[in-house]
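I opened my notebook to look up a few things in this model. Here is what I went through, entry by entry.

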Amino acid sequence: MGCGTSGVNGVPALRAAVGSSLAGAQGKTLADQDKIDRTMAPGCAIGLYTAKECDKHTQASATRRAELK
């Protein structure tokens with residue numbers, strides 16, 4: 001038997017892992033940045049993004065937070 005994948009079965013799990021905080025976030029406020037970070041963090045935790053991508057987001061988030069203060 002071969003191995004198969006099903007996009008339908010994977011979507012709920014991916015959605016649960018990544019979350020839905022990003023909807024509506026525009027990066028204009030600290031609350032928006034929180035939404036962006038809450039979306040990225042699970043993706044980093046489950047290995048959806050590479051360590052380099054997660055580090056890049058962490059640095060960009062810190063820069064943006066400093067700009068918003």
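I began with angles: those under 35 degrees count as roughly parallel, over 145 as roughly antiparallel, 65 to 115 as roughly perpendicular and the rest as oblique. Axes are lines fitted to C-alpha atoms, for helices over the stretch in contact, and angles run from 0 to 180 degrees between N-to-C directions.

I noted that this is a predicted model, in which local features need pLDDT of at least 70 and side-chain atom pairs count only at pLDDT 80 or more, while totals for chains, interfaces and linings use all residues. Residues are numbered from 1 along each chain as its sequence is written, and side-chain values use heavy atoms, with hydrogens and water left out.

Helix pair: I found α2 (residues 30-45) packing with α3 (residues 51-68) at about 170°, axes 11 Å apart. The two are therefore roughly antiparallel. Their contact (heavy atoms within 4.5 Å) involves residues including Leu30, Ile36 and Met40 of α2 and Cys54, His57 and Leu68 of α3.

Helices here are DSSP runs of H or I, at least four residues, and strands are E runs of at least two, numbered from the N terminus. I counted three helices and zero strands in the protein chain.

Threonine 39: I placed this residue in α2. Is threonine 39 buried or exposed? It counts as buried, at 7% relative accessibility (buried is under 20% relative accessible area, exposed over 50%, partly exposed in between, with a 1.4 Å probe and protein chains only). Its side chain reaches the backbone oxygen of lysine 35 at 3.0 Å, and a polar atom of that side chain lies 3.1 Å from the backbone nitrogen of leucine 22.

Terms used: A polar contact is a pair of N or O atoms within 3.5 Å; within protein, one must be able to donate a hydrogen and the other to accept it, and residues adjacent in sequence count only if both atoms are side-chain atoms.
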